[in-house]
Amino acid sequence: MAHDTVHEHHYHDPANVTNPEHAEHHIVTPLQYGFVYIALLIGTLLTVLAADQNFGFMNPVIALAIACTKAVIVILFFMHVKYQSHLIKITVACGFFTFIVLVTMTLLDYISRAWGLW
Amino acid sequence: MDNSIATTEPLMPRETAVHEEHEHVFIPQHRHHFETEEQQREAGSFGMWLFLLTEIMFFGGLFFAYLLYRNWYYDAFVPASNQLSVPLGGANTAILITSGFFMALGVWAAEVRKRALLVLFLILTTVFGLAFLGIKYVEYHEKWEKHHIPGASFDISEFVNPPKDAAGKPTQHALPPDVAEKTQIFFFLYFAMTGMHALHMIIGIGLLVWLIARAQRGDFSSGYVAPIENFGLYWHFVDIVWLFLFPLLYLINRHPLQ
Amino acid sequence: MSASSTTILNLPDQTTAAVPKRNYISAEHGLLSWLLTGDHKRIAMLYLISITFFFFIGGAFAGLIRLELLTPQPDLVASDTYNKFFTMHGVIMVFLFLVPSVPATLGNFLIPIMLGARDLAFPKINLLSWYLYLAGGTLTLAALVLGGVDTGWTFTTPLSTHYLNTHVVTTASAIFVAGFSSIFTGLNFIVTIHRMRCPGMTWFRMPLFVWSHYAASILMVLGTPVLAISLTLVGLERLIGIGVFDPNKGGDPLLFQHLFWFYSHPAVYIMILPGMGVISEVVSTFSRKRVFGYTAVAFSSVAIALFGFFVWEHHMFIMGVSNYSALVFSLLTMLVAVPSAIKIFNWAFTLQKGSITFETPMLYAFGFMGLFTIGGLTGVFLAALGMDIQLTETYFIVAHFHFVMVGGMLMAFLSGVHFWWPKMTGRMYPESLSKLAAVVTFIGFNLTFMPQFIVGYLGMPRRYHAYPPEYQVLNVLSTAGATVLGVGYMLPILYLAWSLKYGAIAGNNPWQATGLEWQIQSPPLTENFTEIPVMDHEAYDYEWLEHKTQNEVTTVG
């Protein structure tokens, strides 16, 4: 591809907008991936074992807690978010925040219906 | 700046994180509306994450429907959920996690420019993905045989008269017919959520085939890793959805008679 | 023609001026160069043509509605047909006109230029957006030709899932596809605004037009998928009958409404925020003054986007939601009016002590400020639970949303089209004719929709094609107004098309406005800038502009 004059800029970039946070090109090693993989498999095993015990109302809580932990390590390591810029981290958080808003504010209605089957 | 790389290949100047103002070396895939490689790569990643946000909200609607109806019709959801096979579901979970592991290794291989390893890992990702879909097919087929697919042919008799085990004890509580009807909602959610998930996997496998072809040609082993990286994001996201679907659908209450 | 005290218009000497030979329109020739373009400006023009086409189809349905409502008896068409009229009118106007109007045309054209970039972050995805829009539009037309759909644009369950036999699935698919067009546009804007600003362009030096689009884009990306899943579930319910919204099978019809309105309320902010961005630019330029309280206006855009996600249940107050949740949502709805009001106050203070002139874009902007305020205030009446029970599903609601969407958003769109027409085409439109059209539109609008507030308050229900005879006078006034309004909207098509060939040459900066888009030629080059600018001054810096133009000699052509 021709390296034409358009790209030979000589200006200083005081607002540093082209790479604001100098995000590192951190390369996650296969070893780190291996640890995460084992952790995910262990988590799955734990989930199944816990489901076979009777913890009453805590069963779904435990299952979801393990699932959330697994999701977090997939996001942080498999998806590299731990090593990405703040922008990416905030973006991921916004996604889950909006999902939580959908769930909790709709629940506001269902939980408080007198005639419902809650 | 230091990069942890388990390889002996020297880093090219454009891979350092420091923004070298006067040393712009562009890869062939550089787009001219971007000033630097860095900008293009980060923009691509950011764009893919925004797309994944839309996926979170899309599946989110289904998850809410699940939350609602599980609470309204818990007594029906339990025996319905017990129709699903935990060994198959658990195996599928392990298979999908393995597929994700190989995808992550594929991204690493692209970053350290090992073409053959990249192709191998992408193929393994695909194989495990296909294995997942194969087991899903087996499960769906079983539902078809037992008339547990929602719609006109749905059969509630197994819930009204639960089968007895070898000792003659019922394996589930018997449900009155009106409650047994609600199992249809569980199966609808099961098919809708796993079906939507499977659709995303099929699309992903299609993309993987294309990526394997291009990786084989060497497109991704000379510094241009964005498509592998961004596809990896998509694939891991689909994996995360399943990590929630498995406990929510398969493990509602594994000891209903206690 | 130089600026005088009654106008700031400053055109180059028409005897020597010509449209610049090299520009984005003349850069390449042939249909394929347009249909396969990555140039954000060309895509903007493609969108402009498409949405105008759908606007007139939606408008035709509005005409048919008003025609039926001239008489109290249901004498023009059968009730099912009337239902199809208002459904198609709503679907086309909301999803195929209002949602893409400013973002896909003006936003696409201007955002890269305003930021000093060469294009949006993902030009191919931009083109894909347009094709998805066309696909959605084609599916809608298909549904129309096959016989139409009569659920209302809101697809309320269980009517849409169990009681109707019209082309619901086709229309739902159309909107699903068009929704992705919107998502990709928003995604493109967010990435561009975050990562492609030119050196020196900090967040608080961007034009407020960009802030508005940023806020609207967040809504597009996060809200639209929920619409997609709600329509998917309606389709599945119709095709398979699974019972997710069927009370007989244990489902809850309100679940659909929660999911639908979770998007459709933010959708109204998706529609209005870009229009507010236009108004910020226009009011500043035609008062020769920086926007008062830049930070407040910028943050209020984001606040509207955020709070907009918390209020959707106010569309469901009478549907069977719990009283306690209705209370919470009522309070939140009152709160969301505050950031919008902040903007109106800031524009008013921008006008104060400014040098105000009344060119066409400014006329539309004044219309916006007055009509949007009225529409917005009536929204606060509706937020009050007691009032809402009386007023909901009446013509009061119809008047409310037409005031904000037509009196507000459509006027803002026309303001923006006129304001940036010289930049996009290199030509000026005829000012006296455009002023006439603006005034005609304003009069027609008020005559159409003001009576609807009254007739709604008196109890006339919406979506009915028959009504008690005592409401006829008000309905006749409304239909008369609609005719005038139609004329007002036809005029711009005619004179804007005329101006493409015969309009005065505009030059770089006919309005003597600040902003990067006015420092480049009209129409712009394909690459926008010959060299990437460095932003070294604040937005709306008229002193900077004065210094710059003092020593300038402008030749055009």
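Trainee: Which residues are linked in a network of salt bridges?
Mentor: D109(A), R113(A) and D252(C) are. This is a predicted model: local features need pLDDT of at least 70, side-chain atom pairs count only at pLDDT 80 or more, and totals for chains, interfaces and linings use all residues. Residues are numbered from 1 along each chain as its sequence is written, chains are lettered from A and ligands numbered from 1 in the order in which they are written, and side-chain values use heavy atoms, with hydrogens and water left out.

Trainee: Why is the meeting of D252(C) and R113(A) called a salt bridge?
Mentor: The term asks for a side-chain nitrogen of Lys or Arg within 4 Å of a carboxyl oxygen of Asp or Glu. The side chains of D252(C) and R113(A) meet at 3.2 Å, N to O. The pair therefore meets the rule. By this rule the count over all chains is 15 salt bridges.

Trainee: What does the pair D252(C) and R113(A) join?
Mentor: Two chains, because D252(C) lies in the loop between α8 (208–240) and α9 (253–287) of chain C, and R113(A) in the segment after α3 of chain A. Helices here are DSSP runs of H or I, at least four residues; strands are runs of E, at least two; both are numbered from the N terminus.

Trainee: Is D252(C) buried or exposed, and how do you know?
Mentor: Buried means under 20% relative accessible area, exposed means over 50%, and partly exposed is in between (1.4 Å probe, protein chains only). D252(C) has 6%, so D252(C) is buried. R113(A) has 5%, so R113(A) is buried as well.

Trainee: Which residue does D219(B) meet in a salt bridge?
Mentor: R214(B), at 2.8 Å, N to O. D219(B) and R214(B) are both buried.

Trainee: How many residues does the contact of chain B and chain C take from each?
Mentor: 31 from chain B and 37 from chain C. Contact means heavy atoms within 4.5 Å. The buried area is about 2800 Å², and carbon and sulfur atoms give 77% of that. Buried area is the accessible area (1.4 Å probe) that two parts lose on being put together, summed over both.

Trainee: How many salt bridges and polar contacts lie between chain B and chain C?
Mentor: There is 1 salt bridge. R195(C) and E42(B) meet in a salt bridge at 3.5 Å, N to O.

Trainee: Which element gives the most to the side of chain B that touches chain C?
Mentor: α1(B), with 19 residues. α1 (37–72) and α7 (183–216) of chain B each supply at least two residues.

Trainee: How many helices and strands are there in chain B?
Mentor: 8 helices and 0 strands. Buried residues make up 64% of its 258 residues. Chain A has 3 helices and 0 strands, and 47% of its 118 residues count as buried.

Trainee: What makes T91(A) count as buried?
Mentor: T91(A) has 7% relative accessibility, so the term applies. T91(A) sits in helix α3 (residues 86–111) of chain A. T91(A) touches F46(B), W49(B), L50(B) and L53(B), not counting residues up to four places away in sequence.

Trainee: Which residues make the nonpolar surface patch of about 400 Å²?
Mentor: F55(A), F57(A), M58(A) and V61(A). Patches take residues with over 30% relative accessible area and no salt bridge; like charges are joined within 9 Å, nonpolar side chains (Val, Leu, Ile, Met, Phe, Trp, Tyr) within 5 Å. Accessible areas come from the Shrake-Rupley method with a 1.4 Å probe; for residues, only the protein chains shown count as cover.

Trainee: Why is M58(A) called partly exposed?
Mentor: M58(A) is called that because its relative accessible area is 32%. M58(A) lies in helix α2 (residues 58–78) of chain A.
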